[in-house]
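Dear colleague,

Please find below the structure that I am handing over to you, followed by an account of what was found in it.

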Amino acid sequence: MRSVLIPNLMVEDVASTVRFYQDVLNFELQMGVEPVDNAPPNFVTELTKDMMLEWANMTGLGAEVMFQERNSFTAEVPALEGAAIGASQTLYFRIEEDIDAHYENIKDKVTVVVEPTTKFYGMREWYM
């Protein structure tokens, strides 16, 4: 098994986050966990319309990322109790398709923070 970095991001609503990553970024749900009180976890590989999730693992754009809902996350990492959801970092996806075409395909589905621009180091990037 190779070593790899997989971000686990705390979110308020895992199912909505999964839907965004599926519908807008074309990620695939690898596995999710439905919240079940006083029972073993229910693992799923497909998200149905009204399903809620407390954790999910997704892949796409050559990346792997996990999402975990606040209560579950802070139960595992009590130091994050009361922490604001949000981050002061960015996640970069290097994609094979033309970055401007990618931007045109999804710009109306996301909040664009920075329009596509070519950086001093030669990479063309945009932020959502």
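I begin with M123, which lies in the loop between strand 6 (114–118) and strand 7 (124–127); helices (H or I, at least four residues) and strands (E, at least two) are DSSP runs, numbered from the N terminus. M123 is partly exposed, with a relative accessible area of 38%; here buried means under 20% relative accessible area, exposed over 50%, and partly exposed in between, with a 1.4 Å probe and protein chains only.

Before going further, please note that this is a predicted model, in which local features need pLDDT of at least 70, side-chain atom pairs count only at pLDDT 80 or more, and totals for chains, interfaces and linings use all residues. Residues are numbered from 1 along each chain as its sequence is written, and side-chain values use heavy atoms, with hydrogens and water left out.

Surface patch

Together with Y92, F120 and Y121, M123 forms a nonpolar patch on the surface, with about 530 Å² of accessible area in total. Patches are made of residues with over 30% relative accessible area and no salt bridge, where like charges are joined within 9 Å and nonpolar side chains (Val, Leu, Ile, Met, Phe, Trp, Tyr) within 5 Å. Accessible areas come from the Shrake-Rupley method with a 1.4 Å probe, and for residues only the protein chains shown count as cover.

Salt bridges

Three salt bridges are found in a search of the whole structure, a salt bridge being a side-chain nitrogen of Lys or Arg within 4 Å of a carboxyl oxygen of Asp or Glu.

One of them joins the side chains of E12 and R70 (2.8 Å, N to O). Because E12 lies in the loop between strand 1 and helix 1 (14–23) and R70 in helix 2 (residues 70–76), this pair ties together parts that are 58 residues apart in sequence. E12 counts as exposed, at 53% relative accessibility.

A further salt bridge links D100 and R124 through their side chains (3.0 Å, N to O). D100 belongs to helix 3 (residues 99–106) and R124 to strand 7, so the pair ties together parts that are 24 residues apart in sequence. D100 is partly exposed at 28%, and R124 is partly exposed at 32%.

E104 forms a salt bridge with K107, their closest N and O atoms being 3.2 Å apart. E104 counts as partly exposed at 46% relative accessibility, as does K107 at 27%.

A buried histidine

H102 is found in helix 3 and is buried, with a relative accessible area of 9%. Not counting residues up to four places away in sequence, H102 touches I95, E97 and W126, where contact means heavy atoms within 4.5 Å.

Five strands form an open sheet in the order 1-5-4-2-3, with mixed pairing; two strands pair if DSSP finds at least two bridges between them. Strand 1 (8–11) and strand 3 (42–44) stand at the edges with a single partner strand each, so one side of each is left without a neighbour in the sheet.

Strand 1 runs parallel to strand 5 (residues 63–69), with four bridges joining them, and M10 stands opposite Q68 in strand 5. Strand 2 (residues 28–34) pairs with strand 4 (residues 55–60) in the antiparallel sense over five bridges. Strand 2 is also joined to strand 3 by three bridges, and these two run antiparallel. V33 stands opposite W55 in strand 4 and opposite F43 in strand 3.
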